[in-house]
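Please look over the sequence and the model first, and then take the topics below in turn.

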Amino acid sequence: MHKRDHGFTLAETLIAMALTLVVIGAAVNAFGSSMRLADTARIVSEMNQSLQAAMSLVVRDMIQTGTSVPRGGISIPSGLGALPVQRPGPGVLVFPAAWDVLPAVIPGGGLGPVILGVPTDVITLIYADPTLALNQFPLAGIAADGSNMTVNVGTVVTGPDGIRTGDIILFNNALGNAIQMVTGTNGTQTIPFAAGDPMGLNQRAVAGGSIMDLQSAPGVFPPTTATRMTMVSYYIDLTTDPALPRLVRQVGLGPRLAIAMGLENIQITFDLIDGALNPANIETPVAPNSPHQIRKINLFVSARTLDRNGNSKEFMRNSMATQVGLRSLSYTDRYR
């Protein structure tokens, strides 16, 4: 037998095995790194998509803010006998007791939950609902006690975009404005506003700010138009799942809709127009300024990944910021 026909020596076998293990180990390590990178890319992509979706929706509402809101704000029940008016938001929030009108932009600095030691903000925006042209005709009538309105037959109030329980209706005539909440529908043009609505808008026996102030004589309303308004709040929800904060959009006192998971901070400041100093980056306007002077919103949101990073075992974070000019508040019709 020739020497070359002999098998591998023990030393050669051990060397070959060692080299094979090194190659396999490197391949397994490279595969693991690739998997971890892919997982990191996935969770970061999910986080960024949540940030972008949240920012887009908030900005869309901000751009519409102020549409059909009367100059000077919307009157709410106030004075002797008035109860607090509830505000959409986390827990049970109410508008300040001293307010007798609502501005189009309602700040809520620090009213949200505290996350990572930082109080988060709440913001409430008001604008006309564009899906129902309720104000295309004057109302056919308003009950003498303000408990219902009859809509012109030319306006369809039923169907998918029709009036629903919980809708907020703004009334305007030559005497001013007022706001009430729809408390039911019956398939007709007559819409009820029963007392004791959840927000406390239908307080018609108070000293001021109710629809009764729009009468030219007892039981007589001059030509009046009605507009369905959207009152929407954004805030961080830490109650549904304390381990997973989320950004919530709530219209009126309707369902709290989570629009982005993992959003753990929202900070909002405002630029004001006062004709003198025009202060910027104000969290809560204070006297002599007021929310009625808000013309620009500075928005900051931050989010974390839903899962921990495979390498660091920690959450990864990102943030976005933008400024939104409120076009419906920045321009007025000087000839109207």
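Where is the place of Leu 116? In this predicted model, Leu 116 sits in the loop between strand 6 (114-115) and strand 7 (118-119).

**Backbone features in loops**

- Most residues other than glycine have a negative phi, and most peptide bonds are trans.
- Leu 116, although it is not a glycine, has a positive phi of about 55°, and it counts as exposed because its relative accessibility is 66%, where exposed means over 50%.
- Asn 281, in the loop between strand 17 and strand 18, likewise has a positive phi, near 55°, in a residue other than glycine.
- With a relative accessible area of 52%, Asn 281 is exposed.
- The loop between strand 17 and strand 18 (294-304) also holds Pro 288, and the peptide bond that leads from Ala 287 to Pro 288 is cis, with omega near 10°.

**Ile 115 and its surroundings**

- Ile 115 belongs to strand 6 and is buried, its relative accessible area being 10%.
- Although Ile 115 and Asn 265 are 150 residues apart in sequence, their C-alpha atoms are 7.2 Å apart in space.
- Setting aside residues up to four places away in sequence, Ile 115 touches Thr 120, Ile 236, Leu 238, Pro 245 and Glu 264.

**Nonpolar cores**

- In soluble globular proteins, nonpolar side chains tend to be buried together.
- The largest nonpolar core here has 48 residues, and those with the most contacts inside it are Met 62, Val 105, Ile 123, Leu 247, Leu 263 and Ile 297.
- Elements that give two or more residues to this core include helix 1, strand 5, strand 8 and strand 14 (225-237), and the largest share, 7 residues, comes from helix 1.
- Apart from this core lies another, of 18 residues, among them Met 149, Phe 171, Phe 193 and Ala 226.
- Leu 263, one of the residues with the most contacts inside the largest core, is in contact with residues including Ser 50, Leu 51, Ala 54, Ile 236, Pro 245 and Val 301, when its neighbours within four places in sequence are left aside.

**A buried aspartate**

- Asp 61 is found in helix 1 (residues 10-64), and it is buried, with a relative accessible area of 0%.
- The side chain of Asp 61 is joined to that of Arg 249 by a polar contact of 2.8 Å.
- Beyond residues up to four places away in sequence, Asp 61 touches Leu 125, Tyr 127, Val 232, Tyr 234 and Arg 249.

**The cavity**

- Rolling a probe the size of a water molecule over the atoms shows where empty space is left.
- The structure holds 1 cavity of 30 Å³ or more, and the largest cavity has a volume of about 30 Å³.
- Its lining is made up of Pro 107, Gly 108, Gly 109, Asp 121, Val 122, Ile 123, Ile 268, Phe 270 and Glu 283, and the elements that give two or more residues to this lining are strand 5 (105-108), strand 8 (122-128) and strand 17 (263-272).
- Sorted by class, the lining of the largest cavity has 5 nonpolar, 2 polar and 2 charged residues.

Methods: Residues are numbered from 1 along each chain as its sequence is written. This is a predicted model: local features need pLDDT of at least 70, side-chain atom pairs count only at pLDDT 80 or more; totals for chains, interfaces and linings use all residues. Side-chain values use heavy atoms; hydrogens and water are left out. Helices (H or I, at least four residues) and strands (E, at least two) are DSSP runs, numbered from the N terminus. Buried means under 20% relative accessible area, exposed over 50%, partly exposed in between (1.4 Å probe, protein chains only). A polar contact is a pair of N or O atoms within 3.5 Å; within protein, one must be able to donate a hydrogen and the other to accept it, and residues adjacent in sequence count only if both atoms are side-chain atoms. Contact means heavy atoms within 4.5 Å. On a 1 Å grid over the protein atoms alone, a cavity is a set of points where a 1.4 Å probe fits but cannot get out, and a pocket is an open set with protein on both sides within 12 Å along at least five of seven lines; lining residues have an atom within 4 Å of a point. Grid points are joined across faces, edges and corners, and a volume is the space filled by probe spheres set on the points. Ala, Val, Leu, Ile, Met, Phe, Trp, Tyr, Cys and Pro count as nonpolar, Asp, Glu, Lys and Arg as charged, and the others, Gly among them, as polar. A nonpolar core is a set of buried Ala, Val, Leu, Ile, Met, Phe, Trp, Tyr and Cys residues joined through side-chain atoms within 4.5 Å.
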